Amino acid sequence: MPKRTKTNEFDCVVVGGGHAGVEAAHAAAKIGAKTCLLTISKDTIAKMSCNPAVGGLGKGQIAREVDALGGLMALAIDATGIQFRLLNRSKGPAVQAPRAQADKYKYKEHIRMQLEQTENLTIAEAIVAQIITEKNKVRGVRCLDGRIFSAPAVVLTAGTFLRGLMHTGKRQVPGGRLGEPAADELSASLEAIGLELGRLKTGTPARLDAATVDLEKLEIQRGDEKPVPFSFMTDKINSPQIPCWITYTNEKIHRLIRDNLHSAPLYSGQITSTGPRYCPSIETKIMRFADKNRHQVFLEPEDREITTIYCNGISTSVPTDIQEQMLKLMPGTENARIVHYGYAIEYDYCPPTQLTSSLETRKISGLFLAGQINGTSGYEEAAGQGIVAGINAARKVQDKEPIVLGRDQAYIGVLIDDLLTKGLDEPYRMFTSRAEYRLSLRADNADRRLTQTGALVGLVDHQRHDKFLNKLKGIDKLKNYLMNTRSDGLSLWEQLRRPNNTLAKTLADNLQVKKMDLTQDVIQAVIVDAKYEGYLSKQQRLMAGFRALENKKIPPELDYETIGHLRAEAKEKLSLFRPGTLAQASRISGITPADITVIQIHLKKHY
């Protein structure tokens, strides 16, 4: 081990300045760990390399959870968003989710400023080439220029940089994303310390010079009249809303792509790895949905000045001349100038079955992985993993137990548990349908689910915690009034629970409620609580049985081969996934209730 100097000794080193890395570095530093964030360039910290937006179904819930824990994402989008929409507004709160377009340049500037003002955090520019270990414990990282940054905890958030290879037609260029080098040496280092690597693919569409797009002929999509903030600390969004526009592909475009599939890397055999099923390229859409004669395309401004436009819906890796022809055939973009072309990128990832619930690798103590390196897609999924990895890296250094979020606590918990128990063969994306307790895991109550956890670990500051406690007091005060005030033989609470009641619409105008001087979010929280009370009581009973299995730990050293009467398939899968609890074991594909019973009996006898 090379000699260390005080300037390069840290408690925690975070590798990568993407959406996972910034949350990890911020969390670890705020908790009290002396932290170093290593990034290729400070100018690309929190860069929105794909869609310039935060949130969406399932994803908006995660962004709110990151905020409730004390993270950066929600505050950043509130400060730099250019269009806000609450999705599924006509449906129930359980499936509603916030989404916002960002000024992607101001967004990364905001995040960088927040990091630079964070105590205990150093930001350094470097390309990491090696994870340094000693006796299966992490000791730091070595950079391409020879510098060594020492730390007993390392959070690796490499994004798409591990042996990244970009494809546009037959052209292949090594790189982590447009204009940035790949991290080939780091992949080799991970293999050398015993981690398994796989290969995945993602892609991005062309960006256009907005001044050359004919927006007048397109359908306009405006934001909400009363924007709903992402952060529980933001009272109101005051910035003007910028519209998006909608156009469509057509049969001429589809024919063009079908006629040129031989030059599309996804179909020529040039790309062999798996891409995201739920965010397919336009060539995949055309082949998979051959009966559709058009596909919707959202033209989304990338900044408040509307200088460039992101073509959401036509991610592609076809040759540049085909991309140009395709845009000439699409309404509104006939004369558009392409600022940069779409491309696909293949990259290495570490199958997440190699992790514990804290996101620490099982083979190397002190090494944590977060973001796309675990096979996920999306800024929000990355941020959710990043904040958990950062918290647990700091707690590891502080000799504290890791924080593990359950499936009944957070979408982040669902995400991590899915990665650990299901594995993946395509990039993982969060949906509300993945959460069996989604009635409880709503976007509106993320603060009530997770703020106390953030305060417990030291990430939530006093200002946020005081605001949260005041909200809880307001909720209790209003509930008490509603339950103890009767009208027409029923309490106001009982009336509020009834479907199609009018009380929910007029509650804020109630004279007694006005005297309480409550905020709108308190009133709305009580209305939702009343509406869901019956459903949630049923769900709580289901969750009680779930927690019994979740609380039953499985020793990490358990040798499944020694368990009598356990099926061979179960032994093989359990040995691979190494579940931390009986509940996790029960969720592994192919594990039966009988297998769980056999393990329970074994644990009672021997532990």
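# Questions on helices and loops

Trainee: Is Gln 323 buried or exposed?
Mentor: Relative accessible area decides it: under 20% is buried, over 50% exposed and in between partly exposed, with a 1.4 Å probe and protein chains only. Gln 323 has a relative accessible area of 1%, so this residue is buried.

Trainee: Good start! At what pLDDT do side-chain atom pairs count in this model?
Mentor: Residues are numbered from 1 along each chain as its sequence is written, and side-chain values use heavy atoms, leaving out hydrogens and water. This is a predicted model, where totals for chains, interfaces and linings use all residues, local features need pLDDT of at least 70, and side-chain atom pairs count only at pLDDT 80 or more.

Trainee: Which element holds Gln 323?
Mentor: Elements here are DSSP runs numbered from the N terminus: helices are H or I with at least four residues, strands are E with at least two. Contact means heavy atoms within 4.5 Å, and beyond four places in sequence Gln 323 touches residues including Thr 168, Ala 206 and Ile 338. The element that holds Gln 323 is helix H9.

Trainee: What arc do the buried residues of H9 cover?
Mentor: Ile 322, Gln 323, Met 326 and Leu 327 are the buried residues in H9, residues 320-328. The arc is taken from the directions from the helix axis to the C-beta atoms. These residues lie on the same side of H9, because the arc they cover is only 135°.

Trainee: And H20: how far apart are its end C-alpha atoms?
Mentor: The expected span is 1.5 Å times one less than the number of residues. H20, residues 593-606, has 14 residues and should span 20 Å, which agrees with its end C-alpha atoms being apart by 20 Å.

Trainee: Which helices do the buried residues of H20 pack against?
Mentor: Those buried residues are Asp 595, Ile 596, Val 598, Ile 599, His 602 and Leu 603. The packing partners are H17 (520-550), H18 (568-577) and H19 (582-586).

Trainee: At what angle do H2 and H12 cross?
Mentor: Axes are lines fitted to C-alpha atoms, over the stretch in contact for helices, and angles run from 0 to 180 degrees between N-to-C directions. The axes of H2 (residues 59-69) and H12 come within 7 Å, and their crossing angle is roughly 35°.

Trainee: What is the handedness of the crossing of H2 and H12?
Mentor: A near helix turned anticlockwise from the far one by less than a right angle gives a left-handed crossing, and clockwise gives a right-handed one. The crossing of H2 and H12 is right-handed.

Trainee: Where is Asp 425, and what is its relative accessible area?
Mentor: Asp 425 sits in the loop between H11 (411-422) and H12 (446-457). Asp 425 counts as exposed because its relative accessible area is 59%.

Trainee: Last one: what is the phi of Asn 500?
Mentor: Most residues other than glycine have a negative phi. Asn 500 lies in the loop between H14 (492-497) and H15 (503-506), and is exposed at 79% relative accessibility. Although Asn 500 is not a glycine, its phi is positive, at about 60°.
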